Amino acid sequence: MHIGLVGLGRMGGNMRQRLRERGVEVTGYDRNPEVTDVADVDALIAALPAPRIVWVMVPAGEITDAVVSELGAKLEPGDLVIDGGNSRFTEDERHAAQLAERGVRFVDAGVSGGIWGLENGYGLMVGGEPGDIAELMPVFDALRPEGPREEGFVHAGPVGAGHYVKMVHNGIEYGLMQAYAEGFELLEKKELVHDVAGSFKAWQRGTVIRSWLLDLMVRALDEDDDLSEIEGYVDDSGEGRWTVEEAIANAVPMPVIAASLFARFESRQDDSAAMKAVAALRAQFGGHAVKQA
């Protein structure tokens with residue numbers, strides 16, 4: 001199989017490498033001449049066999065809109081576009097309708113794994129027509145983690161369902177990180193506890209709160225045992241807000257996720273140990289920038 005990939009940043013570049021290592025031919029395009037395989041989108045399309053498959057891996061919002069519009073104007077009926085960024089699910093419906101006018105198919109893919117996906121594989125949550133998903137399974141199987149398919153991949157439903165599931169996934173992530181972060185702050189405050197980093201490390205095996213996020217917290221503390229080198233400023237990329245908005249719209253109580261979102265807002269006002277921990281976790285799994293103290 002041969003696909004195109006638009007966007008070769010932190011995740012897109014690693015996805016290209018993982019796909020190639022598993023036998024999927026990839027032609028990538030990026031505005032950065034140091035990483036791109038071709039000069040422009042026209043060259044990308046010309047390099048692909050029909051029906052063409054183009055995976056879009058760029059920031060959600062205006063950039064994704066621009067890329068989808070350009071592809072829609074240049075692809076041919078029967079071609080297929082996958083949006084693997086963090087677009088809001090309502091945008092998927094609009095993009096699918098826009099491309100359908102040209103006879104171009106559309107699939108949305110929520111992708112989790114951050115900068116570690118190259119090594120560990122990516123958790124995939126996809127939405128689209130069953131026939132389109134079946135056609136793309138060699139790509140999805142190459143990207144997902146080793147092991148049973150159902151433990152790293154789901155066809156969640158029609159267009160929009162993949163990004164909806166990814167949105168909820170990220171909302172849960174907010175809550176989990178906040179819980180670890182608040183525990184870190186309490187341990188830091190108590191003079192009785194002399195080894196905070198060691199306490200987190202002791203939870204990695206056998207305890208009920210062990211997880212990959214805990215492992216990343218330990219990694220962050222190994223690098224900076226009191227997180228004094230970073231500020232407790234934490235950005236939010238949208239999915240947490242959208243999850244809370246959907247909770248309100250569907251009358252689903254989400255006190256933990258809502259509180260974790262509001263805590264991020266608070267982090268932009270005052271520095272705190274808990275927000276240092278959340279910032280450190282985001283840097284560990286996603287390579288997100290942190291502010292140096």
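A: Met137 is found in helix H6; helices (H or I, at least four residues) and strands (E, at least two) are DSSP runs, numbered from the N terminus. The model is predicted, so local features need pLDDT of at least 70 and side-chain atom pairs count only at pLDDT 80 or more, while totals for chains, interfaces and linings use all residues. Residues are numbered from 1 along each chain as its sequence is written, and side-chain values use heavy atoms, with hydrogens and water left out.

Met137 counts as buried, at 11% relative accessibility. Buried means under 20% relative accessible area, exposed means over 50%, and partly exposed is in between (1.4 Å probe, protein chains only). Leaving aside neighbours within four places in sequence, Met137 is in contact with Arg149 and Phe153, where contact means heavy atoms within 4.5 Å. From Met137 to Gln98 there are 39 residues in sequence and 24 Å in space, C-alpha to C-alpha.

Asp132 is also placed in helix H6. Asp132 is buried, with a relative accessible area of 9%. Not counting residues up to four places away in sequence, Asp132 touches Leu80, Arg105 and Val107.

H6 (residues 130-143) packs against helix H1 (residues 10-21) at an angle of about 105°, with the axes 9 Å apart. Axes are lines fitted to C-alpha atoms, for helices over the stretch in contact, and angles run from 0 to 180 degrees between N-to-C directions. H1 and H6 are therefore roughly perpendicular to each other. Angles under 35 degrees count as roughly parallel, over 145 as roughly antiparallel, 65 to 115 as roughly perpendicular and the rest as oblique. Met15, Arg18 and Leu19 of H1 make the contact with Val139, Ala142 and Leu143 of H6. By class, the residues of this contact are five nonpolar, no polar and one charged. Ala, Val, Leu, Ile, Met, Phe, Trp, Tyr, Cys and Pro count as nonpolar, Asp, Glu, Lys and Arg as charged, and the others, Gly among them, as polar.

Next come the cores. The largest nonpolar core has 27 residues, of which Phe184, Phe200, Leu213, Met217, Leu221 and Leu227 touch the most other members. A nonpolar core is a set of buried Ala, Val, Leu, Ile, Met, Phe, Trp, Tyr and Cys residues joined through side-chain atoms within 4.5 Å. Two or more residues of this core come from each of helix H7 (161-189), helix H8 (196-202), helix H9 (212-223) and helix H12 (273-286). H12 gives the largest share, eight residues. Apart from this core lies another, of 26 residues, and Met137 is among them, as are Trp55, Ala109 and Val139.

H12 also packs against H11, at an angle of about 105° with the axes 10 Å apart. That makes H11 roughly perpendicular to H12. The contact is made by Ala263, Arg264 and Ser267 of H11 and Met275, Val278 and Arg282 of H12. Its residues divide into three nonpolar, one polar and two charged.

H11 (residues 255-267) has a further packing with helix H10 (residues 239-249), at about 140° and with the axes 10 Å apart. H10 and H11 are therefore oblique to each other. Gly240, Arg241, Thr243 and Val244 of H10 meet Ile257, Ala258, Leu261 and Phe265 of H11. This contact has five nonpolar, two polar and one charged residues.
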